[in-house]
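Take a look at the model below. This report walks through a few of its features.

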Amino acid sequence: MDLIKKLDECEKRLKEVQELVMDPDLVKDQKKYKDTMRENGYLTEVCELYAEYKKILQGIKDSTEMITMEDDVEMKEMAREELKALEEA
């Protein structure tokens, strides 16, 4: 399984876990509560990083398109600078 599919599954699982966290009966089972909260914390962190990654990829795509489509030399240069910054991120 490739990385992107695994990360997409993490996003899906995070939604499921967040629903479990909202269940008032969860606190009745302390072990399950502790495990669910630990998983929620882990998945939240992973999904935040994945969202940042997707944002950078989209920025790279947008900058690349601007470089190839734009006629204005200054706009192309700005897009190149943005692309460089995104690739270093």
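This is a predicted model: local features need pLDDT of at least 70, side-chain atom pairs count only at pLDDT 80 or more; totals for chains, interfaces and linings use all residues.

## Asp 35 and its partners

Asp 35 is partly exposed, because its relative accessible area is 32%. Lys 31 forms one with Asp 35, with the closest N and O atoms 2.9 Å apart. Both residues lie in helix α2, four residues apart, or about one turn of the helix. Lys 31 is exposed, at a relative accessible area of 59%.

Arg 38 also meets Asp 35 in a salt bridge, at 3.6 Å from N to O. These two are three residues apart in helix α2, so about one helical turn separates them. Arg 38 is exposed, with a relative accessible area of 53%. Why do such pairs form? Side chains of opposite charge can pair when their charged atoms come close.

## Other salt bridges

The count comes to seven salt bridges. One of them joins Glu 77 and Arg 80, whose closest N and O atoms are 4.0 Å apart. They sit three residues apart in helix α3, so about one helical turn lies between them. Glu 77 is partly exposed, at 40% relative accessible area. Arg 80 is partly exposed too, at 41%.

Salt bridges can also link up. Arg 13, Glu 16 and Glu 39 are joined in a network of them.

## Buried and exposed spots

Is Asn 40 buried or exposed? Asn 40 counts as buried, because its relative accessibility is 15%, under the 20% cut-off. Asn 40 lies in helix α2, which covers residues 30-69. Beyond its neighbours within four places in sequence, Asn 40 contacts Leu 14, Val 17, Gln 18 and Val 21.

Leu 57 is also in helix α2. At 39% relative accessibility, Leu 57 counts as partly exposed. Together with Ile 4 and Tyr 53, Leu 57 forms a nonpolar surface patch with about 250 Å² of accessible area. Across the protein, buried residues make up 19% of the 89 residues.

## Overall shape

The protein has three helices and zero strands. From the N terminus, the order is α-α-α. The radius of gyration is 20 Å, well over the 12 Å that the globule rule gives for 89 residues, so the protein is more spread out than a compact globule. Its C-alpha atoms fill a box of roughly 65 × 25 × 20 Å along the principal axes.

## Confidence

The average pLDDT is 93, and 99% of the residues score at least 70. Confidence is highest in helix α1 (residues 3-22), at a mean of 96, and lowest in helix α3 (residues 73-88), at 89.

Note on methods:
Residues are numbered from 1 along each chain as its sequence is written. Side-chain values use heavy atoms; hydrogens and water are left out. Buried means under 20% relative accessible area, exposed over 50%, partly exposed in between (1.4 Å probe, protein chains only). Contact means heavy atoms within 4.5 Å. pLDDT is the predictor's confidence in each residue, from 0 to 100. Patches are made of residues with over 30% relative accessible area and no salt bridge: like charges are joined within 9 Å, nonpolar side chains (Val, Leu, Ile, Met, Phe, Trp, Tyr) within 5 Å. Accessible areas come from the Shrake-Rupley method with a 1.4 Å probe; for residues, only the protein chains shown count as cover. A salt bridge is a side-chain nitrogen of Lys or Arg within 4 Å of a carboxyl oxygen of Asp or Glu. The radius of gyration is taken over C-alpha atoms; the globule rule is 2.2 Å times the number of residues to the power 0.38.
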